[in-house]
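Dear colleague,

I am passing on the model that we spoke about, together with notes on what came out of going through it. Please read the notes with the structure open beside them.

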There are 2 protein chains.
Amino acid sequence: MAEALTSEAILAATEEVLRRYGPAKATVVDVAKALGVSHGSVYRHFATKAVLREAVTRRWLDAIHEEMEKEFDPNLSAGDLLRDWLQRLFDKKRLSHTEDVELFTTFRTLVGENSAVIEYHLDHLVGQVARIIRAGVDTQEFVTDDVEKTAQAVWDATQVFHHPAHAQEWGNPHIQDAFDAVVSLVVAGLRYNRTPSATGDA
Amino acid sequence: MAEALTSEAILAATEEVLRRYGPAKATVVDVAKALGVSHGSVYRHFATKAVLREAVTRRWLDAIHEEMEKEFDPNLSAGDLLRDWLQRLFDKKRLSHTEDVELFTTFRTLVGENSAVIEYHLDHLVGQVARIIRAGVDTQEFVTDDVEKTAQAVWDATQVFHHPAHAQEWGNPHIQDAFDAVVSLVVAGLRYNRTPSATGDA
């Protein structure tokens, strides 16, 4: 049996076990049982339970990162690219919360217990926002002298629509209006975000 | 004793009892004991424990509202007024979290268990943001055709700096930079938040 066992199979089984038992109770023995192998076989792929949990968390986050990475539509303005990107992220988070709240809560716990994983996740997504902002600066649609810092500000200003602490609000009937209003304000800000000294046209 | 007992004295004692025992354990009997009166005397002022808890929560929130209500400095632009207001709110929340985390957590629980109180609090503060935005629209510094909606968008875009779910982040050494970047983006957006059809000067 152990010969055919792949890391991918272990990770898929771990996700299923975590969903079923929750992160507090799930054990490596449960994962081994689900696969019909000894726990030693699992440990040959993942040295400790902590390593296995981190690997399954990264796998889950990588799936989000990959879905969020799309080629830019050259016909869209940077403002529309940013709006689309934030909307996709919001829809994805909202759907994963409503469709499978146990899995959402499980991964929230797993991500929360590992600050390196949080950083990995945020760096990736804020990096994607930075790419869009840089495209907007290149076409002179956006104004900023610090793309990274501005990307972080866009991320922070839209926390209500992606930070899991706000997941309870995502079912609110007015949430899409709130999203539209915040994103309009942010995009307008990117088109006019000048330092006071540079503001001759206010 | 009961003749001299005022509602204000009961509310102050209730806050102290909540701070000491936490919202799960504090009882009306504890409040009465702290005041050296019978619990019947307390009930003559507040018919139920729920009514007493709501009153003490509103009193705490009213203190915040009052501190946040200041006359506008006529020498400041609306952008600077808004920045100052948001900074004061952030400083106040951050301080109350770090100085007395038990009381902060207690009131977070109390506010969280009463949606009418949350609404009361948010209406008040978002109303103050709307006042500042309206002043900016009057002087043509800000552009918006819906002051209330835009005030809500400013509130939502700055949640990281006032929503208690983000309190853990307030000790981050970069949090003031993050605040400055978000507020700059928001103020820039207010100065340029036009609907697409009205944007002839983009």
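A word on terms before the findings: helices (H or I, at least four residues) and strands (E, at least two) are DSSP runs, and they are numbered from the N terminus. The model is a predicted one, in which local features need pLDDT of at least 70 and side-chain atom pairs count only at pLDDT 80 or more, whereas totals for chains, interfaces and linings use all residues. Residues are numbered from 1 along each chain as its sequence is written, chains are lettered from A and ligands numbered from 1 in the order in which they are written, and side-chain values use heavy atoms, with hydrogens and water left out.

Overall view of chain A

Chain A holds nine helices and zero strands, and its elements, followed from the N terminus, run α-α-α-α-α-α-α-α-α. Its C-alpha atoms fill a box of roughly 70 × 35 × 30 Å along the principal axes. Of the 202 residues in chain A, 47% are buried, where buried means under 20% relative accessible area, exposed means over 50%, and partly exposed lies in between (1.4 Å probe, protein chains only). Among the contacts in chain A with a separation of 6 or more, 68% join residues 24 or more positions apart; contact here means heavy atoms within 4.5 Å.

Domains and annotated regions

Chain A is divided into domain 1 (2–47) and domain 2 (61–198), with bounds that come from an automatic or database domain assignment. The C-alpha centres of domain 1 and domain 2 of chain A lie 33 Å apart, and the contact takes five residues from domain 1 and seven residues from domain 2.

The UniProt record, in an unreviewed entry, places the feature "domain: HTH tetR-type" at residues 4–64 of chain A, and such annotations may be inferred rather than shown by experiment. In the model this span is 75% helix and 0% strand, and its end C-alpha atoms lie 28 Å apart. An unreviewed UniProt entry also places a "DNA-binding region" at residues 27–46 of chain A; that span is 75% helix and 0% strand, with its end C-alpha atoms 13 Å apart.

Helices H4 and H6 of chain A

The axes of helix H4 (residues 49–68) and helix H6 (residues 101–112) of chain A come within 10 Å and cross at roughly 115°, the axes being lines fitted to C-alpha atoms, for helices over the stretch in contact, with angles that run from 0 to 180 degrees between N-to-C directions. On the side of H4(A) the contact is made by Arg53(A), Val56(A), Thr57(A), Trp60(A) and Leu61(A), and on the side of H6(A) by Phe107(A), Leu110(A) and Val111(A). These residues divide into six nonpolar, one polar and one charged, where Ala, Val, Leu, Ile, Met, Phe, Trp, Tyr, Cys and Pro count as nonpolar, Asp, Glu, Lys and Arg as charged, and the others, Gly among them, as polar.

Arg53(A), which has its place in helix H4 of chain A, counts as buried because its relative accessibility is 13%. Leaving aside neighbours within four places in sequence, Arg53(A) is in contact with Pro23(A), Ala26(A), Leu110(A) and Glu113(A).

Helix H8 of chain A and a residue of chain B

Helix H8 (residues 147–157) of chain A is largely enclosed by the rest of the structure, because eight of its eleven residues are buried. The buried residues of H8(A) include Val147(A), Thr150(A), Trp155(A) and Asp156(A). What covers them includes helices H5 (78–99), H7 (115–138) and H9 (175–190) of chain A, together with helices H8 (147–157) and H9 (175–190) of chain B.

Gln159(B) is found in the loop between H8 and H9 of chain B and is buried, with a relative accessible area of 6%. Not counting residues up to four places away in sequence, Gln159(B) touches Val160(A), His166(A) and His166(B).

Loop residues

Gln140(A), in the loop between H7 and H8 of chain A, has a phi near 65°, a positive value in a residue other than glycine, and is exposed at a relative accessible area of 72%. In chain B, Gln140(B) is found in the loop between helix H7 (115–138) and H8, has a positive phi of about 60° although it is not a glycine, and counts as exposed at 71% relative accessibility.

With best wishes
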